[in-house]
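This report covers one protein chain. It starts with a helix and its cover, then turns to charge pairs, a loop residue and the overall fold.

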Amino acid sequence: MIKLQNVVKRYGDHAALDGVDLHVEPGRVHGILGRSGAGKSTLLRSVNLLERPDSGTVTVFGQELTGLGGKELARARRRIGMIFQQYHLLRRRTVADNVALPLELAGLNRTARRDKVLQLLDRVGLADKAKSYPAQLSGGQRQRVAIARALAADPHVLLSDEATSALDPETTAQILGLLRELNTELGLTILLITHEHDVVRQVADTVSVIEAGKIISTEGVSR
Ligand code: ADP
C-alpha cells in the first residue's frame, strides 16, 4: 500500500503540500484530481521522494522511504515506475534501447536485456517498433514506449504524471485501457494525477481531490 502521513512540502513560505494524508490499497488505480497549482505534481513526486517532504512520512509497500537514503532508497525507487506527460524518451536511442535503459542500469547482460525488451514491447503492443526512433512514433506510441520502460524494473507501483494530457481523446482511451490491463493482469498499483475528470472516470477505482495542498475528499469512482 502507498501511505502518506501528514506530508508537508514548502517552497519558501508557500506550502505546496499542507499536511497530506493518503492511503492507496494495493492493486488499486487511484486518481488525484485537482486544478493547476493544487499540488498534484508535488504529491506524486513525494511518493518516490523525487521531492523530499519537509515533514511527514511516505511508506510504500511497508517500507518507509522517508527513513531511507543512498543505496536503499535507490533500490526501493526502482520498484516504483513513473510516466510523464512529455514521455521523457531519449531521442537518439531506438525504442528498444530506451526500454533497455533501466535493464542496463540493473546490470542485465545483453541477451537477457533483448529478451526482456521484446517481451515488454509486446505487452504494450509495439513489438514491430523496436528499431524505430521516438521521433518516428505518434504520441500514443511514445507513451507506450515510456510505459514499457517504466515496467522494465518489475515495479509494484506506477506513478502517472498527466500521462494522457498531450493526447487526443481516442488515444487517451487506448492508453488508459492499457493501464487498466496492466493493473488487472500484473496487479500493478497505479497512482495517477490529472486535471481531467474524464480520465478519473475512465480508469480509477478511487479518487482524491486536492486543493491548495490539501486533500479535500476521497471516494470511490462509479462507472
Ligand atoms: P500541480 O501539479 O497541481 O499543477 P504543483 O505540485 O506543480 O501543482 O505545484 C504546487 C504549488 O507549488 C504551485 O503553487 C507551484 O507554483 C509551487 N511549486 C511547485 N514546484 C515548485 C518549485 N520547484 N519551486 C517553487 N515553487 C514550486
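The buried residues of H3 are Val95, Ala96, Asn98, Val99, Ala100 and Leu103. Buried here means under 20% relative accessible area, exposed means over 50%, and partly exposed lies in between (1.4 Å probe, protein chains only). H4 and helix H5 (139–151) are among the elements that cover these buried residues. An α-helix has 3.6 residues a turn, so residues three or four places apart point the same way. After H3 comes glycine 107, with a positive phi near 85°. Helices (H or I, at least four residues) and strands (E, at least two) are DSSP runs, numbered from the N terminus.

The model is predicted: local features need pLDDT of at least 70, side-chain atom pairs count only at pLDDT 80 or more, and totals for chains, interfaces and linings use all residues. Residues are numbered from 1 along each chain as its sequence is written, and side-chain values use heavy atoms, with hydrogens and water left out.

**Charge pairs**

Side chains of opposite charge can pair when their charged atoms come close. A salt bridge is a side-chain nitrogen of Lys or Arg within 4 Å of a carboxyl oxygen of Asp or Glu. The whole structure holds eight salt bridges. Three of them are tabulated here.

| Glutamate 51 | Arginine 45 | 3.4 Å |

Which residues form a network with Arg45? Lys9, Arg45 and Glu51 are linked by salt bridges. Glutamate 51 is buried, at 16% relative accessible area. Arginine 45 is partly exposed, at 26%.

Arginine 123 is partly exposed, at 30% relative accessibility.

**A loop residue**

Threonine 164 lies in the loop between strand S7 (157–161) and H6. Is threonine 164 buried or exposed? Threonine 164 counts as buried, because its relative accessibility is 6%. Contact means heavy atoms within 4.5 Å. Leaving aside neighbours within four places in sequence, threonine 164 touches Thr172, Ile175, Leu176, Glu196 and Val199.

**The whole chain**

The chain has seven helices and 10 strands. Its C-alpha trace spans about 45 × 40 × 30 Å along the principal axes. The radius of gyration, taken over C-alpha atoms, is compared with a globule rule of 2.2 Å times the number of residues to the power 0.38. For 223 residues a compact globule would come near 17 Å, and the chain has 17 Å, which agrees.

Of the 223 residues, 48% count as buried. Among contacts with a separation of 6 or more, 67% join residues 24 or more positions apart.
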